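Please walk through this structure from the chain as a whole to single residues. The paragraphs below take up one region at a time.

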Amino acid sequence: MRKHRLRNSVIGVLAATGLVGIACTSPAQAASAQARSKVYLTTSVTQWTHYQPNLHSHAGTLYAGRNYFYCWTAGDWYSNNGHVSGAWLRTDDDTGHTNVYVNMVNLSDADFWRAQDLLPQC
């Protein structure tokens, strides 16, 4: 009975995140799939991406507009676009780099205030 409830819980999580089509055989795989789900937010400016959540590891470019993000993590504090934050969002940029970071200060005002509630911590 317990195994059945766990399986139903995993299926419920996948359905809630839109990952129903992903086949998972264990709760760990389900958690990994959920962590890779994309949350779309709007960035106000074109910005550099970084290999690490800091200002010194330039990777590529993320263009302004609607972009997806996987999770957030703590890193260097940064100020721009009228905001200050030490939270960095993991994404794939528009120049081919995967699992790179941008500071959340360049999100639109509405998305800046809700990003950490929508995204899991990395």
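Predicted model: local features only at pLDDT ≥ 70, side-chain atom pairs only at ≥ 80, totals over all residues.

Contact here means heavy atoms within 4.5 Å. By that rule Asn 103 touches Gln 47, Asp 76, Tyr 78, Ser 85, Gly 86, Ala 87 and Trp 88, when residues up to four places away in sequence are not counted.

The protein chain contains three helices and seven strands. Their order along the sequence is α-α-β-β-β-β-β-β-β-α. Of its 122 residues, 39% count as buried.

Next comes the interior. In soluble globular proteins, nonpolar side chains tend to be buried together. In this model the largest nonpolar core has 14 residues, and those with the most contacts inside it are Leu 41, Phe 69, Leu 89, Met 104, Leu 107 and Leu 119. Strand S1 (39-43), strand S6 (83-91) and helix H3 are the elements that give two or more residues to this core. Apart from its neighbours within four places in sequence, Leu 107 is in contact with Leu 41, Thr 42, Thr 43, Ser 44, Phe 69, Asn 81, His 83, Leu 89, Phe 112 and Ala 115.

Which residues of H3 are buried? They are Asp 111, Phe 112 and Ala 115. These residues cover an arc of only 105 degrees around the axis, and therefore lie on the same side of H3. An α-helix has 3.6 residues a turn, so residues three or four places apart point the same way. The other side of H3 carries exposed residues, namely Asp 109, Ala 110, Trp 113 and Asp 117. The cover over the buried residues of H3 includes S1, strand S4 (65-69) and S6.

Cys 71 and Cys 122 form it, with their sulfur atoms 1.8 Å apart. Because the torsion about their S-S bond is about 95 degrees, the disulfide is right-handed. Cys 71 lies in strand S5 (residues 71-80) and Cys 122 in the segment after helix H3 (109-118), so the pair ties together parts that are 51 residues apart in sequence. Are the two cysteines buried or exposed? Cys 71 counts as buried, because its relative accessibility is 2%, while Cys 122, at 42%, counts as partly exposed.

Thr 73 is also found in strand S5. With a relative accessibility of 17%, Thr 73 falls under the 20% limit and so counts as buried. Outside the four places on either side in sequence, Thr 73 touches Pro 53, Gly 86, Ala 87, Trp 88, Tyr 101 and Cys 122. The C-alpha atoms of Thr 73 and Gln 116 are separated by 9.3 Å, although these residues are 43 residues apart along the chain.

Gly 86, Ala 87 and Trp 88 are among the residues touched by Thr 73, and they are also among those touched by Asn 103. Asn 103 is found in strand S7 (residues 100-103). Its relative accessible area is 4%, so Asn 103 is buried.

Asn 81 has a phi near 60 degrees, a positive value in a residue other than glycine. Its place is in the loop between S5 and S6, and at 30% relative accessibility Asn 81 counts as partly exposed. Asn 99 has a positive phi as well, of about 50 degrees, and is not a glycine. This residue lies in the loop between S6 and S7; its relative accessibility is 35%, so Asn 99 counts as partly exposed.

Methods: Residues numbered from 1 in each chain as written. Heavy atoms only, no water. Helix = DSSP H or I, 4+ residues; strand = E, 2+ residues; numbered from the N terminus. Buried < 20%, exposed > 50% of the residue type's maximum accessible area, 1.4 Å probe, protein only. Disulfide = S-S within 2.5 Å. Core = buried A, V, L, I, M, F, W, Y, C linked by side-chain atoms within 4.5 Å. Arc of directions from axis to C-beta.
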